[in-house]
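Please look over the model shown here before reading the notes on it.

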Number of protein chains: 2
Amino acid sequence: MFIKKKTIVDVARLSGFSISTVSRVLNGNYPVKHSTKVIIQEAIDLLNFSPNILARGLIGAKTFTIGIIVPSLENLFFSELIRGIDDVLLDNNYTAFICSTNEDDLLEKKHITNLVDRKVDGIISISPNTMSTGSYYENISRSMPVIIINGEHECEDCHFVSSDQEAGAAQVLEYLIAEGHQKIAFLRGHDIYAYNIKEKIYRRILQEKGIEVDESLIARISAGNSLSTVDESKEKMLKLLKERKNITALFACNDLMAVGALNAAVQLNMKVPEDFRIIGFDNTIICSLTQPTLSSVDQSMKLLGVTSAKKIMSLINETTYLGESILETALIIRKT
Amino acid sequence: MFIKKKTIVDVARLSGFSISTVSRVLNGNYPVKHSTKVIIQEAIDLLNFSPNILARGLIGAKTFTIGIIVPSLENLFFSELIRGIDDVLLDNNYTAFICSTNEDDLLEKKHITNLVDRKVDGIISISPNTMSTGSYYENISRSMPVIIINGEHECEDCHFVSSDQEAGAAQVLEYLIAEGHQKIAFLRGHDIYAYNIKEKIYRRILQEKGIEVDESLIARISAGNSLSTVDESKEKMLKLLKERKNITALFACNDLMAVGALNAAVQLNMKVPEDFRIIGFDNTIICSLTQPTLSSVDQSMKLLGVTSAKKIMSLINETTYLGESILETALIIRKT
DNA sequence: ATAATTATAGAAAACCTTTTCTATAAAAGG
DNA sequence: CCTTTTATAGAAAAGGTTTTCTATAATTAT
């Protein structure tokens, strides 16, 4: 029913040269006489031929494919990150399988095995559920390059790229405490590194500053990166703010949660930031869309993406990459 | 350096049966004696074998891969759409190459040829630049199923899934005019179908209602789906609102543009919606995050995604799909 | 009991490349 | 002018599957 794509055999036949020679022209890795190169190139153009990447991958060479595993595409954090990765991949003729786990362990595992079956040349996983999928990454990191962004350093052969979440979180807490806040709530998602590390810093800084950690000020929602995160955060914060009227500030683990909290505050007719200061994390574009605009910690997602992509390219091509693997964060104070 | 993945040969050797029989167990499309099936399955499990999808694809069968071409991932419209597609793909053991064109013709063409070389089983393209890439789609639609979402019906062998953008746009204009607005601005992006059709309706409805179309009220920004869209729209609207102080309403082609316009109005201390009514398009989650919340036209992106994915699955598997290809839209009036 | 059928499983071709090995022709060296 | 080297290009193997064709064993029919 459908038209067949031209193969290297067609080019060979038309040009009058052998398959091998055509292949050499295609890859340019062996010497070919200029005149034959021209003839073959003409045939290639005429037939509009381009090599079958599956066959190329099959012979054991590279598939020019990597896998990107993200928790969700519904948080612009990941969109910007992917944009950074994509830019580098394009330059290297790579294409990505973008796999969204919807923050589901089982799905993440399924994606990993799928990517292996598809012989990707490497995997970049962003904020993975390492608690549960750790052994999977451990395993595949022995057979291909694996880069973990903003994840836990538990996998021996994995490579890591992270923004300095500890520093970012510390800045938030220090800023709030310096402003005189004592009752600072903390809003986080489920059990992954990105939230755990922030909670750890939250506890540490409070303690350092002599503020007792009040467990009832720590709120947790089920997932952190879906469209429903905003609403779930709002509900959670509505409840919390009604119960504990002396809360004056919130550190939210990402911007979606922060927006939810802001919506809750508005509904309760609280003045933001006078009655209630809110600081989010990631500094996604959403921060400048809300009214008042949202304070947040900038992670430079695009750079995070570019860095990890460059790193995985050099791992695949076995060249050395000399670049930072821990990127700076910066507290951006806006109107909340 | 890296560990080699087990192949069907390993399974055959371990189980004592031939490669063919293992393949038959794997695919379940030919009869195999129960007892041997059990033995082979044991070997498969023991070796943790799963078939190499490249090899599978190479023999001409399916690659279980489709390509998704989107203008951007930085508009949540596309995120939600992909989510819908993904859900269906997962059920069918398909994986997608998600290709973002950044609204660039050349890149879109590059993606298309790349997808063909990778032997995808089909392509879903969302809001493509058909003006310029049309012939590409025309071409590949003869060799594989192609679905165009919210695009122009210019490709003979392509299949189309769209939300009823005409009806949605008409509703907006009729609503605004019924409210008494006469000076209605229109904000659009570059030359693609999604914006062209809305402009067409804008002109038609105004005319029908006896309002003369004022060309200077039609504003155009360079691209419509990137992070910079908000700011570019804001600048454009600032200029327009300053020049033409009698504008009382705006129909923006998507939510990002509408947010930009809202920001402009706020900066000019205009009361929204009293002085200036804004209606966007797509009804992305952003609409409920702004203050005041944004009115918009709902497109049900997820359904759009699910529908096109189901359609392409039935095209690939040559089964018939009986479903709507034009989905309803609905005007959602919020606070702008 | 023998012939004809059916159930089951193996052998080999095909899919499209890359790459190693081999062969030829041209150039260089003596 | 003959031998050795070099430049160039072809032949063939390999990569891991699916599938068609073939072969054997088991069953059924006569």
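The notes cover the surroundings of a DNA strand and then a strand inside a protein chain.

This is a predicted model, in which local features need pLDDT of at least 70, side-chain atom pairs count only at pLDDT 80 or more, and totals for chains, interfaces and linings use all residues. Residues are numbered from 1 along each chain as its sequence is written, chains are lettered from A and ligands numbered from 1 in the order in which they are written, and side-chain values use heavy atoms, with hydrogens and water left out.

**DNA strand D**

Around DNA strand D there are 28 residues, counted as near if one of their heavy atoms lies within 4 Å of it. The closest are S18(A), T21(A), T36(A), I8(B) and S23(B). The table lists polar contacts, which are pairs of N or O atoms within 3.5 Å.

| Protein atom | Atom of DNA strand D | Distance |
|---|---|---|
| T21(A), polar side-chain atom | phosphate oxygen | 2.6 Å |
| R24(A), polar side-chain atom | base nitrogen | 2.8 Å |
| N52(B), backbone N or O atom | phosphate oxygen | 3.0 Å |

Helix α2(B) gives the largest share of this surface, five residues; helices are DSSP runs of H or I with at least four residues, and strands are runs of E with at least two.

**Strand β2(B)**

Six of the six residues of β2(B), residues 95-100, are buried, so the strand is largely enclosed by the rest of the structure. Buried means under 20% relative accessible area (1.4 Å probe, protein chains only). T95(B), F97(B) and C99(B) lie on one side, and A96(B), I98(B) and S100(B) on the other. β1(B), residues 65-70, runs parallel to β2(B) and is joined to it by six bridges. S100(B) is the bridge partner of V70(B).

Terms used:
Buried < 20%, exposed > 50% of the residue type's maximum accessible area, 1.4 Å probe, protein only. Pairing = 2+ DSSP bridges. Polar contact = N/O pair within 3.5 Å; in protein donor to acceptor, adjacent residues only side chain to side chain.
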